[in-house]
Amino acid sequence: MTKKREEILEIIKKENVKYIRLQFTDITGTIKNVEVPVSQIEKVLDNNMMFDGSSIEGFVRIEESDMYLYPDLDTFLVFSWDSDYGKVARFICDVYDVDRKPFAGDPRGNLKRMLARMNELGYDTLNLGPEPEFFLFKLKENGEPSLELNDHGGYFDLAPVDLGENVRRDIVLELERLGFDIEASHHEVAPGQHEIDFKYTDVISACDNIQTFKLIVKTIARKHGLHATFMPKPIYGINGSGMHCNISLFKDGENCFYDPKSNNGLSKDAYSFIAGVLKHARSFTAVCNPTVNSYKRLVPGYEAPCYVAWSTSNRSPLIRIPASRGKSTRVEVRSVDPAANPYLAMATILAAGLDGIENNLEPMHEVNSNIYVMTKEERILEGIDELPSTLYTALKELANSSVIRESLGEHIFHNFIEAKSIEWDAFRTRVTDWEIEQYLKQY
């Protein structure tokens, strides 16, 4: 018996764990789980727990439904809240098919495939520091979320203006108890909007943390009579929620994006990675901004990056390079929103950056002026492109990109396109309140 296995069995006994959640993520980014009684723990640890994959979005057809869940033992944790019968623990799992091979439709497994390609190019680690934002709304008496914000605070406000302060504190305390290294917690720009930043780590662990973070935020918020949402733009006229992704490549413990001899501390790898991300930005937008609502956030005037450019100081472009250097040198991709499947988003961004490195691409010139106040003619002269303005146009860009398609693999690519095309068509054919208000009397 391995030491890790022994430790897990000891914790289960000590903490009076009665149920085990086996969590995984579907193609849309939704957390799924199979819950089993603790009596099945040996079967779980032996990778013999099966489930029906035909019921999961983008997985398999009904005639090929049997799949295995392989728990990642490093993701074991015990939630602080009790059920009526004891505590609940969880593993995050990789999905395998009936032949005991990694399932091509598993987003987490797909990211591991892309990391193997990164390793072949000589890089050891891809680090990710995410900055997910969310809104808090009051719950109705029936437990359903309302559209009433819980506060009217602004950026870095304090209580009593920021009524979400105690919720954030409880979230942070729970996250720290589960092993998160929390760097900051604050009210964001919009009323009812919040951000909690946790320390960067390797990309698989970071994506696991994002999924765990969402679960904890929603659970703690409900205990306070609130509904937490990671919907990118729940309210018209105020800022939407983003999930800035701070990315760096490491080799032999050294940051490959840092060069102390260059004028601004950026290495050739950093410039090429930036160039690759800019080149493929329009193509990976459908994955990093995967909902109809995502494109209500990607508009000028609300601090969301809708222009394909980069800068070491300016916050209006798609990519910003924060001031820290040395091991903290990183590329901040600002377009991603928290509705994205983090495993798929990072697979596409990594593929874009590696394409830049493999082909020795050079980025466009740095843009240090505020792009939001530029005219369209000025942007054209500067060579600044725009991100897709709708999910429909983003899907067209995705469909035409061989690099991003390969980063998803054929199974995920086809199922993602199909699911999102259905979503777009459902939206396109819906008659909205805005149309009724605009046209019913006029015509």
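At what angle do H6 and helix H8 (residues 342-358) pack, and how far apart are their axes? Keep that in mind for the first close-up. This is a predicted model, in which local features need pLDDT of at least 70, side-chain atom pairs count only at pLDDT 80 or more, and totals for chains, interfaces and linings use all residues. Residues are numbered from 1 along each chain as its sequence is written, and side-chain values use heavy atoms, with hydrogens and water left out.

**View 1. Helices H6 and H8 pack together.** The angle is about 140°, and the axes are 6 Å apart. (Axes are lines fitted to C-alpha atoms, for helices over the stretch in contact, and angles run from 0 to 180 degrees between N-to-C directions. Helices, H or I with at least four residues, and strands, E with at least two, are DSSP runs numbered from the N terminus.) H6 and H8 are therefore oblique to each other; angles under 35 degrees count as roughly parallel, over 145 as roughly antiparallel, 65 to 115 as roughly perpendicular and the rest as oblique. Look for the contact residues (heavy atoms within 4.5 Å), including Phe273, Gly276 and His280 of H6 and Ile349, Ala352 and Gly353 of H8. Sorted by class, this contact has 12 nonpolar, six polar and three charged residues. Here Ala, Val, Leu, Ile, Met, Phe, Trp, Tyr, Cys and Pro count as nonpolar, Asp, Glu, Lys and Arg as charged, and the others, Gly among them, as polar.

**View 2. Helix H4 (residues 165-177) packs with helix H5 (residues 203-223).** Here the angle is about 135° and the axes lie 9 Å apart, which makes H4 oblique to H5. H4 passes H5 in a right-handed crossing. Val167, Asp170, Ile171, Glu174 and Leu175 of H4 meet Phe213, Ile216, Val217, Ile220 and Ala221 of H5. By class, that's eight nonpolar, no polar and two charged residues.

**View 3. Aspartate 94 pairs with arginine 108 and with lysine 112.** Both pairs are salt bridges (a side-chain nitrogen of Lys or Arg within 4 Å of a carboxyl oxygen of Asp or Glu). From N to O, the gap is 2.9 Å to arginine 108 and 2.7 Å to lysine 112. Aspartate 94 lies in strand S5 and lysine 112 in helix H3, so this pair ties together parts that are 18 residues apart in sequence. Aspartate 94 is buried, with a relative accessible area of 10%, while lysine 112 is partly exposed at 33%. (Buried means under 20% relative accessible area, exposed over 50%, partly exposed in between, using a 1.4 Å probe and protein chains only.)

**View 4. Glutamate 397 forms a salt bridge with arginine 282.** The closest N and O atoms are 2.8 Å apart. This pair links distant parts of the chain, with glutamate 397 in helix H10 (residues 391-399) and arginine 282 in helix H6 (residues 268-288), 115 residues apart. Glutamate 397 is partly exposed, at 25% relative accessible area, and arginine 282 also counts as partly exposed, at 21%.

**View 5. Threonine 229 sits in strand S11 (residues 226-229).** Threonine 229 counts as buried, at 12% relative accessibility. Leaving aside neighbours within four places in sequence, threonine 229 is in contact with Phe134, Phe135, Phe137 and Lys218.

Key:
A crossing is left-handed if the near helix is turned anticlockwise from the far one by less than a right angle, and right-handed if clockwise.
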